[in-house]
Amino acid sequence: MSLTAFTRRTFLGGLASVGAGVAWMEERLGAQAAAHVRRPLVVTSKTNPFVREGVTTAAWDIMQAGGSALDAAEKGTNVSELDPRDPTVGYGGDPNEMGFLQLDAAVMNGLDHNIGAVAALENIKTPCSVARLVMERTDHWMLVGRGALTFAKMHGFKEEDL
């Protein structure tokens with residue numbers, strides 16, 4: 001396959017194949033024999049090497065210390081959100097057509113499939129962490145705009161001019 005044909009879809013398809021292979025090993029060999037295959041894995045799509053290294057290091061350190069995948073994903077994403085050199089998310093992202101930086105984020109807990117999201121969130125640098133709180137502390141799955149900002153401030157997030 002050429003590098004130009006490599007897409008997120010083909011990458012995710014490859015990951016699914018790896019997961020199926022691990023499941024097959026557990027079934028055929030028993031969970032104990034396949035246990036050595038289970039170790040932390042950090043995957044990022046970041047092309048900026050500085051951001052990529054920060055994301056993977058933050059996530060890896062959390063998982064190596066016994067933290068959850070959700071903790072690792074959130075803190076790894078926070079690295080991107082806080083880095084002005086990352087033009088794809090967070091503080092370094094592009095403003096909307098009216099010149100305002102509005103951020104969106106969503107999280108999903110793989111254990112219980114619970115979700116939380118924020119959209120059009122202004123003046124908060126880490127929307128991923130706010131989305132996680134929406135998931136964990138509300139009966140909603142998404143908060144938008146002014147409501148998302150009010151919720152973030154109620155939970156101690158500092159409003160900043162982005």
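Q: Before we start, how is the model set up?
A: It's predicted, so local features need pLDDT of at least 70 and side-chain atom pairs count only at pLDDT 80 or more, while totals for chains, interfaces and linings use all residues. Residues are numbered from 1 along each chain as its sequence is written, and side-chain values use heavy atoms, leaving out hydrogens and water.

Q: How many helices and strands are there in the chain?
A: Both are DSSP runs numbered from the N terminus: helices are H or I with at least four residues, strands are E with at least two. Here you get six helices and three strands, running α-α-α-α-β-β-α-β-α from the N terminus on.

Q: What share of the residues is buried?
A: Buried means under 20% relative accessible area with a 1.4 Å probe, protein chains only. In this chain of 162 residues, that's 31%.

Q: What order do the strands of the sheet have?
A: Two strands pair if DSSP finds at least two bridges between them. The three strands make an open sheet, order 1-2-3, with mixed pairing. Strand 1 (103-108) and strand 3 (142-144) are the edges, each pairing on one side only.

Q: In which sense do strand 2 and strand 3 pair, parallel or antiparallel?
A: Parallel, over three bridges, with strand 2 covering residues 115-121. Ala119 sits opposite Val144 in strand 3.

Q: Which helix packs on the sheet?
A: Contact means heavy atoms within 4.5 Å. Helix 5 (residues 127-137) does the packing, touching strand 1, strand 2 and strand 3.

Methods. Buried < 20%, exposed > 50% of the residue type's maximum accessible area, 1.4 Å probe, protein only. Axes fitted to C-alpha atoms, helices over the stretch in contact; angles between N-to-C directions.
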